[in-house]
Amino acid sequence: MTSTFPNISISTERLVLRPLDEDDVPALTEMMNDEQVAAWTDVPQPFTQAVAHTWITDYAPTQRTGGHGLDLAVTEFLTQRLVGIIQLGKTNWHIRSTELSYIVAPWARGEGYASEAALATAQWLFGDQKFERIELRTAAGNTASQQVAQKIGCISEGVLRNACIAHVRTDDGTWTDVRTDFIVWSLLPEDLEGAGEQLADSGGFTSYSDWN
């Protein structure tokens, strides 16, 4: 069986998930310099255009061809604007398992893009790629990310105590590390049954503000 993800695009009602390209450098740079992204992720701060270019031209392709994961740009179907990122990582091809994470740009929050993109990715993984498990890890204080996991049907499996490093601003404006817990979520193929209908019943993908 294959041990790398294909170079693909995934379309939803409002979004297109596609490989990152060099035209995304400015928008990616702006998105990754957001305060909330800096607080809950380990992306370098400040996040420069050079870092964005390296991610797009080197890191993301290497992750895919090495079989480790997949990075996808999340763009609006109508405007083609970059509104977020979906990442797959720590992929185990033997047990057909991968870890999913998501970031939504500050200008696109409140639209439900994270849940829509994550659900589409999960459906593709379970359907086309025959995966059997998707794992998500959310910091204990990142309630928006936890809501996304719940919205697409994930089951909370437990807590990894003191396993996450988040970041807070100090009085002098720099960032400092703080330790917190990881909440571990899983999604299996059978968990997706009815997930799309549940999202539709709740008024679509706009019932909460998701960002990371």
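Begin by selecting strand S6 (residues 133-139) together with strand S8 (residues 175-187) of this predicted model. The two strands pair in the antiparallel sense, and six bridges join them. Within this pairing, display isoleucine 134, which stands opposite leucine 187 in S8.

Keep S6 selected and turn to its surroundings. Five of its seven residues are buried, so the strand is largely enclosed by the rest of the structure.

To locate one point of contact, show glutamate 99, whose bridge partner in S6 is glutamate 135. Tracing the chain from S5 to S6 leads through helix H4, and this β-α-β crossover is right-handed.

Now select H4 itself, residues 113-127. Of its 15 residues, 13 are buried, leaving the helix mostly covered. A distance between the C-alpha atoms at its two ends gives 21 Å. This agrees with expectation, because 15 residues at 1.5 Å a residue should span 21 Å.

Continue to helix H5, residues 143-151. Which residues of H5 are buried? Colour Ala144, Ser145 and Gln146, then Val148, Ala149 and Lys151: these residues are buried.

Finish at glycine 153, which follows H5. Its backbone phi is positive, near 100°.

Terms used
Residues are numbered from 1 along each chain as its sequence is written. This is a predicted model: local features need pLDDT of at least 70, side-chain atom pairs count only at pLDDT 80 or more; totals for chains, interfaces and linings use all residues. Side-chain values use heavy atoms; hydrogens and water are left out. Helices (H or I, at least four residues) and strands (E, at least two) are DSSP runs, numbered from the N terminus. The expected span of a helix is 1.5 Å times one less than its number of residues. Buried means under 20% relative accessible area, exposed over 50%, partly exposed in between (1.4 Å probe, protein chains only). Two strands pair if DSSP finds at least two bridges between them. A crossover is right-handed if, with the strands pointing away from the viewer, the path from the first strand over the helix to the second runs clockwise.
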